[in-house]
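Please look at the sequence and the 3D structure below before reading on. The briefing then goes through them topic by topic.

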Number of protein chains: 2
Amino acid sequence: MYSIGQVSEMFHLPVSTLRYYDKEGLFPYMERRSGIRRFSERELEALRVIECLKKSGLEIKEIKQFMAWCVEGPATYPERKALFETRKQAVEEEMLRLQKTLDMLKFKCWYYETAIRVGSEDRLNEMLPDHLPPEIQKLYDSAHA
Amino acid sequence: MYSIGQVSEMFHLPVSTLRYYDKEGLFPYMERRSGIRRFSERELEALRVIECLKKSGLEIKEIKQFMAWCVEGPATYPERKALFETRKQAVEEEMLRLQKTLDMLKFKCWYYETAIRVGSEDRLNEMLPDHLPPEIQKLYDSAHA
DNA sequence: GTAATACCTAAACCTGACTTTATGTCAAGA
DNA sequence: TCTTGACATAAAGTCAGGTTTAGGTATTAC
């Protein structure tokens, strides 16, 4: 069993955030001893899931719904599975978008590197978008697709 | 030259957002004809860069700083290049974090699939974390690293 | 005994990125 | 002429996800 302060250190989260999550219903099984929260392994696993679902783009109230399903028992396995499937797809799509963003950023890095080398953007822009080195052309196309 | 309504349609952005960006200084070269904004190719390219930098995690006021550098001329090529290098690194790190999130989500998909199959989480948890199929073990390790 | 800590609550506050509202201008079409 | 639609502004409102504040309790350290 852990105090809120210990969990705060373990997860590098402010105490206020843990209390906020609790208030929002994200720890449905949280125990108390004379008013004081006692985090068990169950709450730590909940916190891992919370961080995962948050990174996947879920809002707090949707995570709360998930926790409510957990309380409901085995009848909600399908809902829970469906949620993770949906988040998996969302993250896969996000990674594709990020890859395009990354290609744009790489292109811009090359662009300014070259601008510095030739001394001005103007001479550089004359090359665009038809006279680029092939690997830069690939970045340019990916970013402008 | 395009009207704000045309650009709104081209980029699938509300007119209010474009005006907000303009107010925040994100279109330093924007022209007007009797008070009405006229978007040129320069503004469209600015908008592409805005979307890229936003996805990379930059705030509006930092994007505004970038636009200010563009106005300052070739002397700020190094600052602009450094910005893109930093964003590139940030996005690469974000993609690594997302990959871990994805592994956790895939693990949870397998977990609930199996829970549905065997009828209860409890029998499943007895297998964890030591008796997992190898490819699931890999996801579990990646997600809990 | 008293001072420092760690915990508690409720409620107000904050931030970023927009969005909405209220009000007004202007040109084109019926 | 009059109304419709696209444009404009300033200022207020919204929302999520916390954070801060104000006031209190309980335990430990000196």
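The points below cover the relation of the copies, the aromatic rings and the DNA contacts.

This is a predicted model, in which local features need pLDDT of at least 70, side-chain atom pairs count only at pLDDT 80 or more, and totals for chains, interfaces and linings use all residues. Residues are numbered from 1 along each chain as its sequence is written, chains are lettered from A and ligands numbered from 1 in the order in which they are written, and side-chain values use heavy atoms, with hydrogens and water left out.

**Two copies**

**Aromatic rings**
- Over all chains there are 18 aromatic pairs (rings of Phe, Tyr and Trp, the last by its six-membered ring, with centres within 6.5 Å; planes under 30 degrees apart are stacked, over 60 edge-to-face, the rest tilted).
- The pair of A:Y20 and A:Y21 is tilted, because the planes stand at 45°, with ring centres 6.0 Å apart.
- A:Y20 is partly exposed at 38% relative accessibility, whereas A:Y21 is buried at 7% (buried is under 20% relative accessible area, exposed over 50%, partly exposed in between, with a 1.4 Å probe and protein chains only).
- A:Y77 and B:Y112 are also a tilted pair, with 6.0 Å between centres and 50° between planes.
- This pair joins two chains, because A:Y77 lies in helix α5 (residues 77-118) of chain A and B:Y112 in helix α5 (residues 77-118) of chain B (helices are DSSP runs of H or I, at least four residues, and strands runs of E, at least two, numbered from the N terminus).
- Both A:Y77 and B:Y112 are buried.

**DNA strand C**
- Around DNA strand C there are 17 residues, and among the nearest are A:R19 and B:T17 (near means a heavy atom within 4 Å).
- Helix α2 of chain B gives the most to this surface, with 4 residues.
- A side-chain N or O atom of B:T17 is 2.5 Å from a phosphate oxygen of DNA strand C.

Technical notes. A polar contact is a pair of N or O atoms within 3.5 Å; within protein, one must be able to donate a hydrogen and the other to accept it, and residues adjacent in sequence count only if both atoms are side-chain atoms.
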